[in-house]
Amino acid sequence: MSRLDVRKTYKLYIGGKFPRSESGRSYPALGGDGEVVARVAQGSRKDLRDAVRVAREAVPGWAGTSGYNRGQVMYRIAETLEDRRGTFVEQLHAGGMAKKAAEAEVASAIDRIVWYAGWADKFAQIYGNLNPVAGPFFNISSPEPTGVVGVVAPEEPALLGLVSRLAPVLVPGNTAVVLASERYPMPAISFTEVLNSSDVPGGVVNVLTGLKDELIPWLADHMDVNAIDAGGASPEQAIRVQEGAVHNVKRVVLPSTNGPGQSPYRIAAFTETKTVWHPKGL
């Protein structure tokens, strides 16, 4: 007996849920041959505002979790991604990537999450310190999360690029609002399902699909976003991010300062240093 395939409805990921865009809009995701492989939600200004709101609400809980527990959650993401690696290989291959290259990218994405997970309970010890001062005082510095971070994911590589920008944001306790690859959104959408089944608290990671030229200005201008990783922005989009950042002095990481694919300096880019003075006594 013949049957019809159950076609998947690709949605946004906001607050640990999968809502449709409030606008009701969608746009086509194209395969490597230029054919439409799916229609995905086209996020709106209101969707972005909703994502920022729940990301802000999630900051105290995620930032207040121990580094060890954050590392465990991130390692769980890697485990779940490993279990579903076939899905991601198929999606990357459908986007025009050779099968072996797709397999290598998925493996690299898994390894990168594990690498950053290992930093979660070590970063504060490495970047915090006891500072020498001339006087009867202790002077101690400790890194703290910046808060809500907007992440403009690279267009390519769709999965590894997303993981490389998101993981260092999560390590110190930030929450994220991610603009997925516009040209190849499918891996990002499937990655939200990995997040949803990996003990990541709702609101810690929020992923919007849609047109970057439309969404970046609202992300850049939003007064409750503390920092933006513009690693996946075009030169024109990066300029718009910088223009919007002046409204509340957001920290901005530009594409030209990407550096290596994995580095503790990427974690440091989204932390603030708190320094405490304490008298030694007599």
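Predicted model: local features only at pLDDT ≥ 70, side-chain atom pairs only at ≥ 80, totals over all residues.
The side chains of D121 and K122 meet in a salt bridge, with 3.0 Å from N to O. The count of salt bridges in the model comes to 13, and two further examples follow on this tour.

**A salt bridge between two strands**

Select K274 and E144 next. Their side chains meet in a salt bridge of 3.1 Å, N to O. K274 belongs to strand β10 and E144 to strand β4, so this pair ties together parts that are 130 residues apart in sequence. Is K274 buried, partly exposed or exposed? K274 counts as partly exposed, because its relative accessibility is 43%. E144, at 32% relative accessibility, is likewise classed as partly exposed.

**The sheet that holds these strands**

In general, the strands of a sheet pair through backbone hydrogen bonds, in either a parallel or an antiparallel manner.

Zoom in on β3 and β4 (residues 137–145), which pair in the antiparallel sense over 3 bridges. Which residue of β4 is the bridge partner of L130? Select I140 in β4: this residue is the bridge partner of L130.

Remain in this region and select K280 together with F138. The charged end of K280 sits over the ring of F138, 5.6 Å from the ring centre.

**Aromatic rings around helix α5**

Proceed to helix α5 (residues 123–127) and select F123 and Y127, which both lie in this helix, 4 residues apart, about one turn of the helix. A pair of aromatic rings is described by the distance of the centres and the angle of the planes. How many aromatic pairs does the model contain? The count comes to 5 aromatic pairs. In one of them, the rings of F123 and Y127 have centres 4.5 Å apart and planes at 25°, so the pair is stacked; the cut-off for a stacked pair is an angle under 30 degrees.

The two residues can also be viewed by their accessibility. F123 is buried, with a relative accessible area of 4%, whereas Y127 is partly exposed, with a relative accessible area of 26%.

Y127 and Y265 form an aromatic pair that is edge-to-face, 6.2 Å centre to centre, with 90° between the planes. Y127 lies in helix α5 and Y265 in helix α10 (residues 264–268), so the pair ties together parts that are 138 residues apart in sequence. Y265 is exposed, its relative accessible area being 62%.

Next, select W115, Y116 and W119, which form one aromatic cluster.

Select D50 and K46. Their side chains meet in a salt bridge of 3.1 Å, N to O. Where do these residues lie relative to each other? D50 and K46 are 4 residues apart in helix α1 (residues 45–64) and are therefore separated by about one helical turn. K46 is partly exposed, with a relative accessible area of 35%.

Then select R45 and W218. R45 lies over the face of W218, at 3.9 Å from the ring centre.

- Select E156 and P157: the peptide bond from E156 to P157 is cis, with omega near -5°. P157 is found in the loop between β5 (148–152) and α6 (158–170).
- Select D199, a residue other than glycine with a positive phi, near 70°. D199 is found in the loop between α7 (186–196) and β7 (205–208). At 57% relative accessibility, D199 counts as exposed.
- Select V249, whose phi is near 55°, again a positive value in a residue other than glycine. The loop between α9 (235–245) and β9 (251–253) contains V249. V249 counts as exposed, at 72% relative accessibility.

Conventions. Residues numbered from 1 in each chain as written. Heavy atoms only, no water. Buried < 20%, exposed > 50% of the residue type's maximum accessible area, 1.4 Å probe, protein only. Pairing = 2+ DSSP bridges. Phe/Tyr/Trp six-rings, centres within 6.5 Å; stacked < 30°, edge-to-face > 60°. Lys NZ or Arg CZ within 6 Å of the ring centre and 35° of its normal. Salt bridge = Lys/Arg side-chain N within 4 Å of Asp/Glu carboxyl O.
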